[in-house]
Amino acid sequence: MSVNPLPDRIGRLLDALAQGLYERKDVVRLCLLAALAGESVFMLGPPGIAKSLIARRLIHAFDQSRAFEYLMTRFSTPDEVFGPLSIQALKDEGKYERLTQGYLPEAEVVFLDEIWKAGPAILNTLLTVINERRYRNGVREVAVPMRLLVAASNELPQADSGLEALYDRLLFRVWLDRIQEKQNFRAMLTSRQDPQADPVDAKLKISQDEYQQWQQALTQVALPDSVFEQLYRFREQLAQLVGDGQTEGVYVSDRRWKKAVRLLQASAFFNGRSQIGGLDLLLLKDCLWHDLSSKEQVNKLMLEFARRQAFGQDKIQFSLQRLHNDLERLQRDWVRELACKLTPARRWRPGKEQSWRLDAKQLGLKELPLTLRLLFLQPCCLDNAQPDRPTLWAEVDSQQWQQWQRKGGPIRARFNEREQRSSLLLDVDSEGRLIARDERHQAILVALPKAEGVPGWLRQRQTEQLDELLQALGQQQQALLNQRRSFAAQCPHLFLEQSWLRQVEESLLALVEQAETLQQQLQQQRQELLSLTQEVAHA
């Protein structure tokens, strides 16, 4: 099987770009993906946290790329962003054209700081440049080679400020904060690396031809029906989210959904896959929010998806829970059929102990034997002399049994094959069933062997139902194995933080543990059925 070299190359390119940018690799991941998809990024955060350095670093991803960087103010003019007016062209030819060399219209990577302070003349032109990659220079409309636009600010656009259209076009939205880890902070302070140096090997840089070929190829990445259904579910869920100060859900325009799907296609393509997968969808956490409140809501929504839906975890969880419920029902039926029921010997009166009676006919006998064997229908350890050994059965003399029926209290019994006798506390529950009490006073249902042993029909029904449950469990374990293989095939993921991968992995491992526990319970139930049958036969 041939190995796709592209993911490895992009991974090494990412490592090179993130060199010396402490706690910024995840942001570099998103910026590189945005550049590879021809999209834009908005960075939100306080001043002095390497926003501009990240944008400058992305220039080195491309071979022979040009960059443009500008700090916006309220007094910025279009000349400072798109180039000065050509006096020569105006004088000689009467044309209103700009000299764009060295300015935004001819740059591959653009960084605009304090973006919301730009005036209307700049912002209106940016709308067309970002969305269509076209710039109207006089009477000519020229293509803009921009592959990545990084806009930054320490604030969000104000409501009703007329900036909604521009904000909507910035697909990735990333929150940055100061360096948090002590060691990373120390490393940043003592680093001697030149932040302006090019850390990328020439062999890793992306050429113009490669970039154009990739733009065509990533459009061929498929959007599976299951992924579309999840996207549509996200759309519906976002519309219903209401946060602080909100009266409506989180609005996401059709344009953003369209751009987001292209981004997901790019993610799948550069990870070496031909269709969008569950992990790619997690990138939407950085595309769908518009303020810090909605950011938290979207993050919770995507976290729930990672844990429950990304690889069909909720369906497997539901099936395992249903099998567990079926096992409990099977155990209740088993106990109901075998549990020994006693009848009151006389009407109870205050101040008098209730006495009980066991009818020998209930056991298929004419009279009770000299020794009664009590079979415990639930796992227990009742023998104080052997506290770690499961107690399967106990034997009591009929004389003591008769005394217990009249007065109750502890009774002397021989547990399993041990000759010495120990104390056994018997009781009757609210349904009139004979029970034993352990040291924690928990109830263990008791059966007395009938003359014909365990009825054949009951033994066969229990065996068949256990086999059906084990077979159904095997199918769910295979489905879980397939999902784990699907997850492994999508790992490592170039553009997704490790913490999100751990969320998915831990949820799948939790299901594995749940399935193994259920399998042990089913096998234990089968063994208890076999043991009980054998004990009845030997009674």
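Mentor: Let's start with axes: each is a line fitted to C-alpha atoms, for a helix over the stretch in contact, and angles between N-to-C directions run from 0 to 180 degrees. Keep in mind that you're looking at a predicted model, where local features need pLDDT of at least 70 and side-chain atom pairs pLDDT 80 or more, while totals for chains, interfaces and linings use all residues. Residues are numbered from 1 along each chain as its sequence is written, and side-chain values use heavy atoms, without hydrogens or water.

Trainee: Which residues make the contact between α2 and α9?

Mentor: Contact means heavy atoms within 4.5 Å. On the α2 side you'll find Ala35, Leu36 and Ala37, facing Tyr211, Trp214 and Gln215 of α9.

Trainee: Is Phe270 buried or exposed?

Mentor: Go by relative accessible area with a 1.4 Å probe, protein chains only: under 20% is buried, over 50% exposed, and partly exposed is in between. Phe270 sits in helix α11, residues 254–270, and with 0% relative accessibility it counts as buried. Skipping neighbours within four places in sequence, Phe270 touches Leu6, Pro7, Ile10, Leu36, Trp214, Leu218, Leu494 and Phe495. Leu36 and Trp214 also belong to the α2–α9 contact. Click on Gly11 too: it is 259 residues from Phe270 along the chain, yet their C-alpha atoms are separated by 9.3 Å.

Trainee: What does Glu114 contact, neighbours within four places aside?

Mentor: The partners of Glu114 are Leu71, Met72, Ala152, Ser153 and Asn154. Glu114 belongs to the loop between β3 (109–113) and α6 (120–132), and its relative accessible area of 14% makes it buried.

Trainee: On to the sheet. How many strands make up the closed barrel?

Mentor: Strands pair if DSSP finds at least two bridges between them. The closed barrel has 6 strands, in the order β10-β11-β12-β13-β14-β15, with antiparallel pairing. Its twist averages 45° from one strand to the next.

Trainee: Which strands does α15 lie across?

Mentor: Helix α15 (residues 398–407) lies across β10 (371–376), β11 (393–397), β12 (410–415), β13 and β14, at about 90° to β11.

Trainee: What should I look for in the backbone torsions?

Mentor: Most residues other than glycine have a negative phi, and most peptide bonds are trans. Ala50 lies in the loop between β1 (40–44) and α3 (51–59), partly exposed at 25% relative accessible area. His441 also has a positive phi, of about 65°; its loop links β14 and β15 (443–447), and at 49% relative accessibility His441 counts as partly exposed.

Trainee: And which residues does a cis peptide bond join?

Mentor: Cys491 and Pro492, with omega about -5°. You'll find Pro492 in the loop between α16 (456–489) and α17 (498–538).

Definitions and conventions:
Helix = DSSP H or I, 4+ residues; strand = E, 2+ residues; numbered from the N terminus.
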